[in-house]
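Work through the exercises below with the sequence and the model side by side, and try each task before reading its solution.

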Amino acid sequence: MSMSNRNMFILILSAVLMITLAASTSALILSGTRDDQVKVSVVVDDSGSGRWASFMAGLEQAAKDNGVKLNVVSTGKNLTLNQQYNLIKDEIAMETDGIILQVITSRGTESIITDISGKVVLELVDTSADMDFDVEGKSACIEADNVEIGRALANEVRIAFGNKLEGHKIGIVAGNQKLHSIQQRLRGFSENIESSGAEIAWIESNNVSLQDRIEFRQVIGQADIIVALENGGLEAASEYAQRSGSDVMIFGEGTSIRNVSYLDDGIITSMVVPNEYYMGYQSVAAIVRRLENRLTPMEDETISFRVVNRENLFDESNQRMLFPVVE
């Protein structure tokens with residue numbers, strides 16, 4: 001596939017996925033016709049972001065397959081935990097049957113999660129949270145093995161440099177370290193890169209004005225490798241490289257079409273992509289199973305991930321994960 005055809009392919013699929021995302025985040029997605037239709041509400045940070053496109057497609061497909069009325073709550077960036085809780089209480093007041101929640105922070109959530117799961121079925125996505133022991137299985141979490149994502153990113157750095165990293169400096173865009181998932185990614189990366197001989201030049205965990213923060217970090221301690229532990233940081237690192245003309249090598253976790261485009265253009269060297277379509281689908285399916293049989297406990301689940309680069313970006317299996325189509 002030529003470069004022009006590849007870029008056109010990405011642009012067309014980007015448009016299709018953004019239309020899907022816009023439809024998913026509108027007031028309600030209706031599936032099925034029964035009067036006692038199950039209602040499921042979704043609360044995630046910045047729900048309209050392209051970062052959620054595959055996840056939203058999975059939600060929508062599961063809603064259609066299971067006859068679920070799905071409400072993706074409209075949210076902006078950087079909600080507080082209290083704001084999330086208030087949104088959830090509004091959904092419970094409107095008699096939702098289940099909540100799919102990406103907590104904005106994993107810390108200090110025990111009482112909130114206990115309250116929510118005592119009223120509706122609760123599925124946490126993307127990251128686990130502090131919670132009391134749930135002996136009745138009223139809530140669960142679906143996420144990737146985040147330590148392994150961190151390790152995989154370290155492996156990709158090692159491979160790119162033939163495992164000869166002495167004299168190289170790494171900058172880490174560490175994401176929201178209030179989330180267990182991102183903490184685990186940092187731990188996995190740090191443990192696996194430690195013996196490589198590379199030096200950690202800086203770690204940035206402030207997500208405000210992230211492009212500017214990366215540029216500032218590069219001025220005071222320049223790295224020739226940047227590793228981003230989540231999608232927004234990977235976009236910011238790529239935009240920094242474009243804006244500055246830097247030849248820094250970039251690796252990271254990503255899910256958005258923007259990052260797919262940066263990968264195709266060679267700005268990103270290698271990208272770890274969790275199967276968030278499956279995460280979205282299974283989060284709805286798990287709530288439906290619990291509602292159909294209250295004796296069936298909710299169970300945590302781990303989703304898979306793939307390592308994607310320019311050479312395998314357009315492999316059929318990767319296309320199905322990066323550009324899912326709702327049937």
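**Exercise 1.** Find the buried residues of helix α6 and name the elements that they pack against.

*Solution.* Start with the cut-offs: buried means under 20% relative accessible area, exposed over 50%, and partly exposed in between, with a 1.4 Å probe and protein chains only. In α6, the buried residues are His180, Ser181, Ile182, Arg185, Leu186, Gly188, Phe189, Asn192 and Ile193. These buried residues pack against the strands β5 (139-144), β6 (169-173), β7 (199-204), β8 (225-228) and β9 (249-253), and also against α5 (146-160), where contact means heavy atoms within 4.5 Å.

This is a predicted model in which residues are numbered from 1 along each chain as its sequence is written, local features need pLDDT of at least 70, and side-chain atom pairs count only at pLDDT 80 or more, while totals for chains, interfaces and linings use all residues. Side-chain values use heavy atoms, with hydrogens and water left out.

**Exercise 2.** Check whether the span of α6 (residues 180-193) agrees with its number of residues.

*Solution.* The expected span of a helix is 1.5 Å times one less than its number of residues. For the 14 residues of α6 this should give 20 Å, and the end C-alpha atoms are 20 Å apart, which agrees.

**Exercise 3.** Describe the chain as a whole.

*Solution.* The chain has eleven helices and twelve strands, which are DSSP runs (helices H or I, at least four residues; strands E, at least two) numbered from the N terminus. Of its 327 residues, 54% count as buried.
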